[in-house]
Amino acid sequence: MLAATFGAVPPQSVPESAVSLSVPGKAARPREARRRRGGREGGAITPYLYLLPFLLLFLVFVVYPVGYGLFVSLHRWDLLAETRPFVGLEYYRNLFDPETPQSQFFWNSMKNTGFFTLISVPLLIGASLGLALLLHRPIFGRAFFRSVFFLPGILTVSVMGILWRWMFDNQIGLVNAVRTDLLGLQPLPFLSTEGLAWVPVIVGTVWWTIGFNMTLYLAGLGNISQSYYEAAEIDGATPWAKFRFITWPLLAPVTLFVFVTTVLASFQLFGQTLVITSGGPNRTTQSTIQYITEEAFSNNQFSSASAMAFMFGLAMLIFTYLQFRIMARDARGEG
Amino acid sequence: MAAPSTRAGTLPETATTRPPRRFRAPRDLPRFALLCVLAIIFLAPVYWMLATSVKPEVDVISTPTQWIPANPTIDNYREVLTSPDGNILRWMWNSFFVATVFTVLHVALCALTAYPLARMRFPGREAIFWFILGSMMIPGIVTLIPSYLMMIRFDWINSFHSLIWPGMAGAFGVFLLRQFFLGLPRELEEAARLDGANSLQVLWHVILPLSLPSLVTLAVFSFMGSWNNFIWPTFVITDLDKLTLPVGVNTFSQRYVTDYGKLMASTAIASIPVLIAYLLAQRYLIEGLSTTGLKE
């Protein structure tokens with residue numbers, strides 16, 4: 001699916017200016033020169049010159065930080081100290097020593113992040129597929145609905161967070177207003193109750209990100225040939241059978257992609273809980289990234305935080321690897 | 001709804017004569033009603049944001065709840081725009097400036113990088129490409145702390161440099177453009193070569209004009225990514241005047257805590273330019289997302 005959309009360039013998209021391109025004045029000589037150098041690529045170092053700026057930035061801001069982070073995690077790094085002694089795997093061992101506060105808070109945050117991922121990923125996949133199925137066939141106002149469902153995704157995370165904190169305010173938020181004024185129930189203190197504090201985070205996240213997945217599913221549905229459904233109708237297939245044996249299997253590549261990116265996005269939970277619950281009550285919604293940044297920037301424990309970041313990166317590796325595989329398959333032009 | 005079962009070999013009339021996928025009002029009514037209900041649920045928080053933002057403080061906390069603002073006022077907006085705790089319009093400008101500079105440089109850099117990777121043959125091409133693509137496996141959190149320490153050493157804390165350069169060598173843009181360049185027909189490039197164009201001229205006059213859709217897609221994603229970046233600027237920018245919009249709005253959230261009239265006015269102000277841009281450019285955003293099948 002992905003490769004197909006990348007590969008094809010409709011011929012009508014070729015602008016005339018490009019077709020009638022000519023470089024006046026210096027037609028003959030450079031051609032000869034290039035022929036003599038033996039190849040249309042030009043000079044042998046030309047491609048490397050193109051790559052140079054990117055590779056320099058890549059080495060400085062992508063490759064080097066990985067090694068530097070590893071280095072920091074193996075030393076006792078204090079911004080103010082004169083010496084930064086080598087401590088080996090001490091900060092990694094701390095994470096497996098139940099006596100340390102680091103291990104307690106880190107694994108607590110991992111549990112929270114895992115819980116959030118476990119709840120939000122099926123919701124985000126199922127609900128977005130449902131929306132896409134509702135919107136796929138033509139209907140009055142289709143473009144309007146699509147815009148409405150996508151719209152929350154353009155809001156920035158702090159806006160989304162403040163909005164949902166207000167929606168679920170313990171006393172007078174819209175949710176509690178509906179409970180008290182319309183349903184005659186007691187207000188529920190969502191934000192300060194352990195467990196319930198996840199409700200605004202998860203509802204807010206679904207509201208915020210569902211449009212992305214829906215759009216991907218709509219594109220996937222559009223790529224399924226109508227003839228399959230016509231053939232199934234001839235055979236008297238029920239709507240469920242058509243979904244089960246045509247739509248769902250043919251959407252598998254989209255679902256895999258949506259699954260991997262949604263898991264990765266959920267793992268990297270940060271802004272929503274920071275703004276909505278500040279990680280509370282009692283650290284029950286504190287995400288791993290929030291705890292790592294707290295350890296680094298509030299406690300100035302850069303080494304400990306780096307060690308956690310690597311542990312967390314390792315935990316994500318299976319999903320980042322899957323993401324890489326999807327792109328690699330695309331890059332090779334398969335699938 | 002299922003088509004009546006037919007004997008093998010006989011096509012039912014309807015399957016061939018009925019135009020497929022047309023809106024049929026009576027049958028689609030429940031679906032339409034469901035979509036309307038969902039749209040109302042999706043828009044309710046946005047309505048509540050706007051309604052709260054124009055209420056005086058007493059009306060925000062009054063019970064029973066005021067569903068429609070009874071005494072609309074722009075006081076919240078005035079107070080937010082003149083707040084001594086930070087200039088929200090300044091933050092908006094900062095975000096716009098950083099995102100624009102980042103986007104222009106990033107798209108140009110990715111085009112320069114993707115071009116030889118897609119269109120030239122040279123030793124090490126595959127190795128370099130896979131090396132770059134492999135970096136997609138590194139989650140941002142792994143490089144966050146060392147990058148921060150580097151920013152201290154570069155003296156880039158509280159400088160826009162820290163918001164522009166570290167994300168510049170992103171592999172995704174190179175991947176996206178390389179894939180698109182690979183699909184372009186060779187003939188035009190060869191014709192230009194025969195006319196004596198050098199490789200830079202080929203890139204500029206042939207490749208880039210043909211690649212506008214993918215360049216626009218990359219530009220939209222880059223701009224949104226930079227504009228919405230939250231974790232990184234939270235830690236590298238602390239100077240109130242240099243904050244970006246998402247981080248600045250979050251400082252309001254911590255300062256005004258439950259003063260929701262002001263908070264909703266600030267979130268509304270922060271969302272207005274984005275909403276306008278979305279209404280104007282949603283085609284590019286949604287189509288870009290659909291055709292690349294990739295999100296940030």
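**A walk through the model**

Modeller: Let's start at Val260(A), which sits in helix H13 (residues 252–267) of chain A. Helices here (H or I, at least four residues) and strands (E, at least two) are DSSP runs, numbered from the N terminus. This is a predicted model, where local features need pLDDT of at least 70 and side-chain atom pairs count only at pLDDT 80 or more, while totals for chains, interfaces and linings use all residues. Residues are numbered from 1 along each chain as its sequence is written, and chains are lettered from A and ligands numbered from 1 in the order in which they are written.

Colleague: How exposed is Val260(A)?

Modeller: Val260(A) is partly exposed, because 19 other C-beta atoms lie within 10 Å. A residue is buried if 20 or more other C-beta atoms lie within 10 Å of its own, exposed if 12 or fewer, and partly exposed in between, with C-beta atoms placed from the backbone.

Colleague: And what does Val260(A) touch, leaving out residues up to four places away in sequence?

Modeller: Phe319(A), Leu322(A), Gln323(A) and Ile326(A). Touching, or being in contact, means that the two C-beta atoms, placed from the backbone, lie within 7 Å. As for Phe149(A), 111 residues from Val260(A) along the chain, the two C-alpha atoms are separated by 21 Å.

Colleague: Zooming out, how many helices and strands are in chain A?

Modeller: Chain A has 16 helices and 0 strands. Chain B has 15 helices and 0 strands.

Colleague: Which residues of H8(A) are buried?

Modeller: Helix H8 (residues 157–167) of chain A has 11 of its 11 residues buried, so it is largely enclosed by the rest of the structure. Among them are Trp164(A), Arg165(A) and Trp166(A).

Colleague: What about the nonpolar core, which residues have the most contacts inside the largest one?

Modeller: Ile292(A), Ala309(A) and Leu177(B), in a core of 142 residues. Helix H5 (residues 88–119) of chain B gives the most to this core, with 12 residues. By nonpolar core I mean a set of buried Ala, Val, Leu, Ile, Met, Phe, Trp, Tyr and Cys residues joined through C-beta atoms within 7 Å.

Colleague: Take Ala309(A), what is it in contact with beyond its neighbours within four places in sequence?

Modeller: Ala309(A) contacts Gly69(A) and Ile292(A), plus Ile141(B), Val142(B), Leu144(B) and Ile145(B).

Colleague: At what angle do H4(A) and H5(B) pack?

Modeller: Helix H4 (residues 46–73) of chain A packs with H5(B) at about 145°, and their axes are 8 Å apart. The axes are lines fitted to C-alpha atoms, for helices over the stretch in contact, and angles run from 0 to 180 degrees between N-to-C directions.

Colleague: Which residues meet there?

Modeller: Pro47(A), Tyr50(A), Leu51(A), Pro53(A) and Phe54(A) come from H4(A), facing Leu109(B), Leu112(B), Thr113(B), Tyr115(B) and Pro116(B) of H5(B). That contact has 9 nonpolar, 1 polar and no charged residues.

Colleague: What is phi for Asn300(A), and for Asp155(B)?

Modeller: Phi is near 55° for Asn300(A), a positive value in a residue other than glycine. Asp155(B), also not a glycine, has a positive phi near 60°. Asp155(B) lies in the loop between helix H7 (140–154) and helix H8 (161–164) of chain B, and counts as exposed because it has 10 C-beta neighbours inside 10 Å.

Technical notes
Nonpolar A, V, L, I, M, F, W, Y, C, P; charged D, E, K, R; others polar.
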